[in-house]
Amino acid sequence: MDQTTRKSLLYKTDVEYGDYTVNHVTGCSHGCLFPCYAFNMAKRFGHVKTYADWIKPKLVSNSIELLDKELPKLKGKIKSVQLCFTTDPFMDDYPEVGEMTLKIINRINQDNIMCRILTKGTLPEYLQTTKKINEYGITLVSLDDSFKKQYEPLSTSYKERVNALKALHDKGYKTWVSIEPFPTPNMGKTAIEDILKKINFVDYIVFGRLHYNKIVGKYKDYQEFYNSCAKKVISFCMTNKIKCHIKTGTYIVEGKDSGGDFF
Ligand code: SF4
């Protein structure tokens, strides 16, 4: 696969449930069409020109050298490192991405810092060699293959994502699911209850609405819809003793944002 180098890698994220993050790839072969916020930003800042460039990822080959320099400087400040926010740490067609992800996790763990992983790819079995301090997660916003074909065309199937997550759970790792960006019913028909049933074994759930998509605005009662879904997520998590986070702008009651951390 193509490679690139960077001058820095580890940085503090603005994402509300994140701390520090590492994004060791430019581009993402999953090619989501929600649209992908990371793709739009990469285009805006001139890192990629077209969708075709975006889905042909470039690996940051000096990732470990950068971490060796940056981690000691941030000692004591980092609680967790998320992989990734602007790319994906596992891409089925690019095993080199996953191999680098494993090296990065092990390097960060060496300083006793936990990694929080999130993917639309397959979490490989070799992650079972990593420290138990890590949390492994998948994004799951639908169970409908025709929806996946339209909006997440090159990502791993929903079934494989869930199976790989369950395998890590069964080995004693903490697991989590990001149900974001959850589509309105005029985009996809999967009920939130059906997704929740499939992932009842996880330790943590993040739920968030879809932004930046005109189709959502065309769904007349979208706020009512997201409020009702948020309530179902909170109630499910309470019953099943799962921590959850409802993202800003998703659950609005009487004009007030009622999201945040629960349990
Ligand atoms: S997996 Fe994430 S980074 Fe990759 S294309 Fe999809 S939304 Fe963008």
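Buried, in my notes, means under 20% relative accessible area, exposed means over 50%, and partly exposed is in between (1.4 Å probe, protein chains only). I started with Y219, which is partly exposed at a relative accessible area of 26%. F225 is buried, with 18%.

Some ground rules before I go on. This is a predicted model, where local features need pLDDT of at least 70, side-chain atom pairs count only at pLDDT 80 or more, and totals for chains, interfaces and linings use all residues. Residues are numbered from 1 along each chain as its sequence is written, and side-chain values use heavy atoms, with hydrogens and water left out.

**Aromatic rings**

I looked up the ring pairs and found 12 of them in the structure. Rings of Phe, Tyr and Trp (its six-membered ring) pair if their centres lie within 6.5 Å; planes under 30 degrees apart count as stacked, over 60 as edge-to-face and the rest as tilted. Y136 and Y173 make an edge-to-face pair, 5.5 Å centre to centre with 70° between the planes. Y136 sits in strand β8 (residues 135-139) and Y173 in the loop between α6 (158-170) and β9 (174-182), so this pair ties together parts 37 residues apart in sequence.

Next I checked for charges over rings (NZ of Lys or CZ of Arg within 6 Å of the ring centre and within 35 degrees of the ring normal). K132 lies over the face of Y173, 5.0 Å from the ring centre. K166 does this with F201, at 5.7 Å.

**Around F263**

Where is F263 found? I located F263 in the segment after β14 (260-262). Leaving out residues up to four places away in sequence, F263 touches I234, C237, M238, I242, K243 and C244, where contact means heavy atoms within 4.5 Å. I also looked at H245, 18 residues from F263 along the chain; their C-alpha atoms are separated by 9.0 Å.

**A three-stranded sheet**

Last, I traced an open sheet of three strands in the order β1-β5-β4, with mixed pairing. Two strands pair if DSSP finds at least two bridges between them. The edge strands, β1 (2-4) and β4 (25-26), each pair on one side only. Three bridges join β1 to β5 (residues 58-60), and these two run parallel. D2 has K58 in β5 as its bridge partner.

Key:
Helices (H or I, at least four residues) and strands (E, at least two) are DSSP runs, numbered from the N terminus.
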